[in-house]
Amino acid sequence: MNSIILRVATRYLAAILLIFSLYMLLRGHNEPGGGFIGGLIGATGFVLHAIACGTKEARAALRLQPQTIALSGLGLALLAGMVPALMGDAFLTGQWLFLGAAEGEKGLPISTVLFFDIGVYLVVLGAILTLVFAMEEEI
Amino acid sequence: MSWLVVAPILVPFATAIIAFLLRERPLGRWISVAGSALALLAAGLLMAQVLGQGVIAAQMGNWAAPFGITFVADNLSAVMVVITAIAGLAVAIYATAEITPRMEYLGYHTLFQVLLAGVTGAFLTGDIFNLYVWFEVMLIASFGLLILGGRPEQIDGGIKYVTLNLISTVLFLSAIGLLYGMTGTLNMADLAVTVGQVENQGLLTVVAMMFMVAFGVKAAVFPLFFWLPASYHTPAFSVSAVFAGLLTKVGVYALIRVFTLIFDRDIGYTHTVLLWVAGFTMVTGVLGAAAQMDFRKILSFHIVSQIGYMVLGLALFTPLALTGAVFYLVHHIVVKANLFLIAGVVQRLTGSTGLSRIGGLYTHAPLLALLFLVPAFSLAGFPPLSGFWAKFLLIKAALGVEGWFIAFLALAVGLLTIYSMTKIWAEAFWKPHPDGIEPRIAMLGRAERWRLLTPIAGLAALTVTIGLFPEPFVQFAEATAAQLLDPSSYVTAVLGERP
């Protein structure tokens, strides 16, 4: 689609969508949100870019092939699920690491759950973009 | 120990990822082979554990059943996982010689491994909603495999396949929703306990019928089978072999699991329906095959007919009948996958799978003829091959409950199966090639020959082994049937001891 209004608006919208998608991903840890919805919102940003400027530019902006992103996400989720093996726990059991924890201070919690969620984010982002790019290029 | 249960699922997933990253290099296909071998090892270890300790359950993320997701390996699950891994390894080796670099680049090995993971997951899960998820995983991967290559008839077959399977999954999902509404649980072991407390047992039978239709489409039983012969003859031979061996059997497995564990209260109704379905499936499948003149189409219709036998075992619902059904499942996966692989070699050598256009294989490729005879005779039920024992157990079970007519039907269908196999034999092997081609195995390259024929020979050897030494297999199937008919060990393994 060749529309200057859409192209200019996309520059701002795509960036906001991407930031918002990361916010949704992190927020999902304790509140509504998470990797799935985050990935969908992130994909919307790139889809908007593809509609406004063409899939070629959108692919360039993404740098990696969407399939590769989806499969690396699957790999990350799988690894996050397998970390508990080191502690002798069952598959997908959450493992926690508190960075900078001291007396009376909880520290910054980092968990395998977060990495699993990031994996989901990447799978959804990659899968949606694979489909949308393929369909856009078909037309 | 819980890792042992999930390992057969994790290995194919990991293989899928690595194979995708290496999809532009020849190494990618060997990753698929190595991953399949590793999956077979994992399945073997699981089997050993199940044989030693009985049913084992694993709670994902340490969330206790019935709230978390449970994976359970009992005899039936374990044997299905092992046979899936065997078929997976055979097809992975075969695919190294068949799949083009273009299809590899499009992700053949990744989709194949994801399909294996989906099938294995469906066999191992102990949660009915999770079963739905594995069905979806399988559906997505199989649709990708079906249309890989992009020829018009593939898309045509793919659309029919996906439409009917989507209807089935939607029905499955609705049935799960209704069942959850009545019982408040999705864990299959917990369901086995709670369905007894449902006030309106009539409604439960309605839900059971919804499950039967949903799984019936997957298993390709009468009258819901028509998507299968419409699509299975179109994709690559490796793809149709793994589909023919495994996909419909997941439907049969789900039927057996659900109608022994959960819906075993109104047997007079549900299993009578299953009996009729089984009879019609056997007959329509075999008659459909008699009318076909394409190697793969004949085989596709035979899948339908053979599914009837397995459903028959479930419908009769006696220990002997279930023994027969389990034996039949295992035998059928090996034989059917093998026949499709042979069809691929036949097409390579003679240029087609249309029976009127090929021939001359018996004179020029006697080894292939021998390799074909083993699974073909086994399918038809010749002693001493595996199919004979499978049919023998089922027919004996039918006679045991005085089901004279269904026993007669099963025998007659076996006879018609021989007719179809004879047709393939006479057309493809016996008569000379109409174009005067001499189809020799030497036409294949040296490496190609090994990669195509080793899996075929391996599966044929397995068929012969089961046929010559049926005793341990039958004993195992008997133990499986006993487990299915008395689910208390399954329930205890998942939920712990109950007062």
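Q: Which ground rules apply here?
A: The model is predicted: local features need pLDDT of at least 70, side-chain atom pairs pLDDT 80 or more, while totals for chains, interfaces and linings use all residues. Residues are numbered from 1 along each chain as written, chains are lettered from A and ligands numbered from 1 in written order, and side-chain values use heavy atoms, without hydrogens and water.

Q: How many helices and strands in chain B?
A: Chain B has 21 helices and two strands. These are DSSP runs: H or I of at least four residues, E of at least two, numbered from the N terminus.

Q: What share of chain B is buried?
A: Buried residues are 63% of its 499. Buried means under 20% relative accessible area, exposed over 50%, partly exposed in between (1.4 Å probe, protein chains only).

Q: Switching to rings. How many aromatic pairs over all chains?
A: The whole structure has 35. Phe, Tyr and Trp rings (six-membered ring for Trp) pair with centres within 6.5 Å; planes under 30 degrees apart are stacked, over 60 edge-to-face, the rest tilted.

Q: How do Trp96(A) and Phe98(A) pair?
A: They are stacked, 6.5 Å centre to centre, with 15° between the planes. Trp96(A) is partly exposed at 45%, and Phe98(A) is partly exposed at 37%.

Q: And what about Trp425(B) and Phe429(B)?
A: Also a stacked pair: 5.0 Å and 20°. They sit four residues apart in helix 18 (residues 404–430) of chain B, so about one helical turn separates them.

Q: Buried or exposed, Trp425(B) and Phe429(B)?
A: Trp425(B) is buried, and so is Phe429(B).
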